[in-house]
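Colleague: Could you take me through this structure? I am new to it.

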Amino acid sequence: MSPNAHPIVLAALLSLATTLTPNVAPCQDPPAPAPSPAKIERGRELRALDAAAADMAAGKAARAETLLQSVVERAPDLEVAWYQLAIARMLQGKADGAITAVDAALARRADFPEARILWIELSVEREPDKCREFATELLKHKDVASLRRPLLPHLIALRMLDQAEEALKELRTEAPKDVDLLKLQANLQIEGGKPEAAAASLEEMLAIEPKDPHSLNTLANLYEATGATDKVLPTWERLVAVNPSNVAARKRVIELLSERAPASPKLDEHRKLMRYYQRRGEGPSAAEKGDTKAPPAAPPKGGR
């Protein structure tokens with residue numbers, strides 16, 4: 001997957017890859033005349049798109065790419081096939097190939113909102129002005145309700161903060177307990193220079209999902225920035241309890257304990273744990289690298 005692909009956007013694009021594929025289920029009406037060769041060929045391509053979308057949803061992006069490459073070679077005017085090919089390439093981190101494919105989709109159908117969102121996803125840093133133009137047009141689309149969610153992180157990244165706030169308000173009305181929307185709300189508030197409001201959003205989010213390490217890290221830094229000194233140390237301690245191998249967070253716990261409670265018995269334990277994880281070369285990104293095995297809260301005997 002592209003390192004820049006936002007989870008909300010990616011989930012929406014994968015969903016659209018499936019829903020955009022036309023339904024070719026057999027009709028239950030009385031038998032019709034035999035289909036023409038062209039219709040048979042079209043049906044084969046649409047079934048291939050269904051299969052590719054299923055492969056991507058199952059994490060088999062490389063297989064989907066091979067299948068979709070064959071489809072666009074046989075049916076080069078099928079814009080949905082190019083769109084799905086772009087997603088398959090993006091999932092594998094092939095940004096240049098994904099842009100080529102989504103450009104091909106838009107060349108065949110300029111008013112293709114899902115492809116425009118994907119183009120923004122791939123080009124938000126490369127061509128921000130064009131992305132803003134596309135986003136503004138999409139916010140006027142007749143189906144804007146279905147486009148708000150995948151657009152939202154990009155509206156924030158493009159600093160279209162008023163539009164993002166309006167979209168977020170609508171989305172949160174529909175899903176007030178959605179943790180991803182609460183994270184985006186906090187991000188929007190940070191970008192808008194409202195750290196106290198962002199901290200409140202993350203507190204609300206962590207009440208629902210209390211073990212999110214990224215949100216705990218952000219919240220601890222927000223407390224430090226806003227001078228909420230009574231909340232700083234407990235939040236860093238929550239983070240190292242959730243992610244014991246986060247050396248940077250544990251170092252901050254040690255610094256704060258040394259200032260506020262130098263006689264605390266916790267200090268020695270935190271120092272031993274920090275040395276242990278430093279020797280292992282672990283840090284705050286261990287979970288992000290796909291290591292789902294929980295590290296020990298304390299080093300094994302003999303490992304101190």
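Modeller: Let us begin with a definition: contact means heavy atoms within 4.5 Å. Of the contacts in the chain with a separation of 6 or more, 52% are between residues 24 or more positions apart. This is a predicted model, in which local features need pLDDT of at least 70, side-chain atom pairs count only at pLDDT 80 or more, and totals for chains, interfaces and linings use all residues. Residues are numbered from 1 along each chain as its sequence is written, and side-chain values use heavy atoms, with hydrogens and water left out.

Colleague: What pLDDT does the chain average?

Modeller: pLDDT is the predictor's confidence in each residue, from 0 to 100. The chain averages 86, and 79% of the residues score at least 70. Over residues 1-5 the pLDDT is below 50, and this stretch has 12 contacts beyond near neighbours in sequence. Residues 299-304 also have a pLDDT below 50, with 10 such contacts in the model. Where pLDDT is low, the predicted coordinates should not be read in detail.

Colleague: How many helices and strands are there?

Modeller: The chain has 15 helices and zero strands. These are DSSP runs numbered from the N terminus: helices are H or I with at least four residues, strands E with at least two.

Colleague: New topic: how many aromatic pairs are found?

Modeller: A search of the whole structure finds three. Rings of Phe, Tyr and Trp (its six-membered ring) pair if their centres lie within 6.5 Å; planes under 30 degrees apart count as stacked, over 60 as edge-to-face and the rest as tilted. Tyr83 and Phe112 form a tilted pair, 5.3 Å centre to centre with 40 degrees between the planes.

Colleague: Which parts does that pair tie together?

Modeller: Tyr83 lies in helix H4 (residues 79-91) and Phe112 in the loop between helix H5 (95-108) and helix H6 (113-123), so the pair ties together parts 29 residues apart in sequence.

Colleague: Is Tyr83 buried or exposed?

Modeller: Buried means under 20% relative accessible area, exposed over 50%, and partly exposed in between (1.4 Å probe, protein chains only). Tyr83 is buried, at 0% relative accessibility, and Phe112 is buried at 0%.

Colleague: And what about Pro113?

Modeller: Pro113 is in helix H6 and is buried, with a relative accessible area of 5%. Leaving aside neighbours within four places in sequence, Pro113 is in contact with Leu138, His141 and Leu147.
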